[in-house]
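Subject: Structure handover

Hi,

Here is the model for your records.

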Amino acid sequence: MQDTSKQYDAVIDNCKSLFLKKMSDYGSAWRILRLTSLTDQIFIKAQRIRGLQQNDVQKVDEGQESEFIGIINYCIMALIQLEKGVVEQPDMTTEEATTLYEKHVGITKKLMEDKNHDYGEAWRDMRVSSLTDLILQKLLRVKQIEDNKGVTLVSEGIDANYQDMINYAVFALILLSEN
C-alpha cells in the first residue's frame with residue numbers, strides 16, 4: 001500500500017495545483033454554487049468520460065484524465081460547501097481554500113486507506129470503465145438524496161458519496177498512468 005499512498009498523493013498534488021491556479025484566475029467564485037449544481041458538474045464530467053470510453057470518435061481534444069481531475073476538484077468543492085455552506089458572493093481566500101482542500105483530502109485519503117486495507121487493493125484489478133460506472137452510480141445516489149432533502153433511512157450521506165467518487169477518480173488516474 002506504500003505505492004498506493006505515494007501515487008494517491010501525486011494525483012492529489014496535480015489536482016490541487018490546478019485548483020490553486022483556477023483560484024488565482026477566478027477567485028472563489030465556486031462558493032456560490034449549490035450542492036445540486038456541483039453534483040450536476042460532476043455528472044457532466046462523468047458522462048463525458050463514459051462517452052469517451054464508448055465512442056470511437058473524440059471531437060474535443062481533452063481526454064479522460066482532465067475530466068477525472070475535474071471530478072476530484074468538484075467533489076472537494078462540494079465537501080467544502082457541505083461544511084461551510086453556500087454564499088451569495090465569493091468569500092474565501094486562497095489560503096483558507098487550501099486549508100479546507102487539504103483537510104478534506106486528508107479525511108478522504110484516510111477512508112481510502114481503511115477501505116483499501118479491507119478490500120486488499122481490489123481496485124487495481126478493475127477496469128477504468130467500471131470506476132466510471134461506479135462514479136455515475138454514486139452521482140445518481142447523491143441526486144436521489146438531494147431530491148429527498150438529504151434524508152436517508154439506512155444509507156450513508158452525501159459526504160461519503162463524494163469521498164467515494166474522489167477515491168474512484170484517483171484510482172482511475174493511477175490506472176491510466178500505469179497503462
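**Pockets and a helix pair**

The largest pocket has a volume of about 390 Å³. (Pockets come from a 1 Å grid over the protein atoms alone: open sets of points where a 1.4 Å probe fits, with protein on both sides within 12 Å along at least five of seven lines; lining residues have an atom within 4 Å of a point. Volume is the space filled by probe spheres set on the points, which are joined across faces, edges and corners.)

This is a predicted model: local features need pLDDT of at least 70, side-chain atom pairs need 80 or more, and totals for chains, interfaces and linings use all residues. Numbering starts from 1 along each chain as its sequence is written, and side-chain values use heavy atoms, without hydrogens or water.

Sixteen residues line the largest pocket; Lys22, Tyr26, Trp30, Tyr74 and Met77 are the closest to its centre. Helices H1 (2-26) and H3 (64-84) each give two or more residues to that lining. (Helices are DSSP runs of H or I, at least four residues, numbered from the N terminus.)

The second largest pocket has a volume of about 290 Å³. Of its 13 lining residues, Lys115, Tyr119, Trp123, Tyr168 and Phe171 are the closest to its centre. H4 (94-119) and H6 each supply at least two lining residues.

H5 (128-147) and H6 (158-178) pack at about 165 degrees, axes 9 Å apart. (Axes are lines fitted to C-alpha atoms over the stretch in contact; angles run from 0 to 180 degrees between N-to-C directions.) The pair is therefore roughly antiparallel (over 145 degrees).

Best wishes

Note on methods. Parallel < 35°, antiparallel > 145°, perpendicular 65-115°, else oblique.
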